[in-house]
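The sequence and structure come first, and the notes follow by topic.

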Amino acid sequence: MRLHSCMLVVGMAVSLSAPARKADSGILIRGRQCKYAGQSVKALPVRILTVGKRRSKGVQLIVDEYIEKLKCYCPVEDVRIRSNPKNSSDIRAQIEYEDMAIMHLIRSNDWVVMLDENGLDLKSEQMADLIGDAGSMGASSLLFCIGGPYGHGRQLRQRANLSIKLSSLVLNHQVALVVLVEQLYRAWTILKGQRYHH
């Protein structure tokens, strides 16, 4: 899959480094218009699989807030998978057990995005394109996988349609989840031309 980059600039916030032009939709853009700007995008159900221990109350509040916002655009399911389900002291065994737990939840027609520190570095506009691309590929849902403390296992790495990173920094699963749900919400506002993204 080829991801296309675009930069939306809403209102008067225009970067001085690149000249902006006005698109037909009234949105100022730098470079070219987003791939799905002004088009109807299939709202695939989103499932987020997170491997980890119990979330802090603060993280859960933020996640719940963004999931409620996301539900205005698409169905969203937040699935938690217990880290190290067999309480193994062997790291490889722990990764394998978590991998099996994730694989049991993936359906054959899911479009799977693995979050990994070595994945593609996307801009918010590219995340919007990712959502649009998944909807046009015949998938039944869009599945995001956040790994445990030692990362993802072999089976998920082979099954994933795409591997992305949310930051060049390594993020724990709770922080990664907060960033992911915010970016999914931001992507939908980009697709809809709403004034959240600047």
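Tyr66, Tyr73, Tyr185 and Trp188 form one aromatic cluster in this predicted model. Three aromatic pairs turn up in a search of the whole structure; rings of Phe, Tyr and Trp (its six-membered ring) pair if their centres lie within 6.5 Å. Residues are numbered from 1 along each chain as its sequence is written, and side-chain values use heavy atoms, with hydrogens and water left out. As the model is predicted, local features need pLDDT of at least 70 and side-chain atom pairs count only at pLDDT 80 or more, while totals for chains, interfaces and linings use all residues.

**Aromatic cluster**

- A pair of aromatic rings is described by the distance of the centres and the angle of the planes.
- The ring centres of Tyr73 and Tyr185 are 6.1 Å apart and the planes stand at 50°, so this pair is tilted; planes under 30 degrees apart count as stacked, over 60 as edge-to-face and the rest as tilted.
- The pair links distant parts of the chain, 112 residues apart: Tyr73 is in the loop between helix H1 (57–70) and strand E5 (76–82), and Tyr185 is in helix H5.
- Tyr73 and Tyr185 are both buried, where buried means under 20% relative accessible area, exposed over 50% and partly exposed in between (1.4 Å probe, protein chains only).
- Lys69 lies over the face of Tyr66, at 4.8 Å from the ring centre, and also over the face of Tyr185, at 5.3 Å from the ring centre.
- A charge sits over a ring if NZ of Lys or CZ of Arg is within 6 Å of the ring centre and within 35 degrees of the ring normal.

**Chain layout**

- The chain has five helices and eight strands; helices (H or I, at least four residues) and strands (E, at least two) are DSSP runs, numbered from the N terminus.
- Their order from the N terminus is β-β-β-β-α-β-α-β-α-β-α-β-α.
- Of the 198 residues in the chain, 49% are buried.

**Helix H3**

- H3 covers residues 124–136, and its 13 residues reach 19 Å from the first C-alpha to the last, close to the 18 Å expected at 1.5 Å a residue; the expected span is 1.5 Å times one less than the number of residues.
- Twelve of the 13 residues of H3 are buried, so the helix is largely enclosed by the rest of the structure.
- Among the buried residues of H3 are the charged-class Glu125, Asp129 and Asp133.

**Largest pocket**

- The largest pocket holds about 480 Å³ of space.
- On a 1 Å grid over the protein atoms alone, a pocket is an open set of points with protein on both sides within 12 Å along at least five of seven lines, a cavity is a set where a 1.4 Å probe fits but cannot get out, and lining residues have an atom within 4 Å of a point.
- Grid points are joined across faces, edges and corners, and a volume is the space filled by probe spheres set on the points.
- The pocket is lined by 26 residues, with Gly147, Gly148, Val170, Leu171 and Asn172 nearest its centre.
- Strand E6 (110–121), strand E8 (162–165) and helix H5 (173–192) each give two or more residues to this lining, and E6 gives the most, with three.
- By class, the pocket lining has ten nonpolar, eleven polar and five charged residues; Ala, Val, Leu, Ile, Met, Phe, Trp, Tyr, Cys and Pro count as nonpolar, Asp, Glu, Lys and Arg as charged, and the others, Gly among them, as polar.

**Largest cavity**

- The structure holds one cavity of 30 Å³ or more, and the largest cavity has a volume of about 40 Å³.
- Residues lining the largest cavity include Val51, Ile95, Gly147, Gly148 and His152.
- Helix H2 (residues 91–105) gives the largest share of this lining, four residues.
- The cavity lining divides into three nonpolar, five polar and two charged residues.

**Individual residues**

- Val51, in strand E4 (residues 46–52), counts as buried at 1% relative accessibility.
- Pro149 is in the loop between strand E7 (141–146) and helix H4 (154–159) and is exposed, with a relative accessible area of 56%.
- Met100, in helix H2, is partly exposed at 34% relative accessible area.
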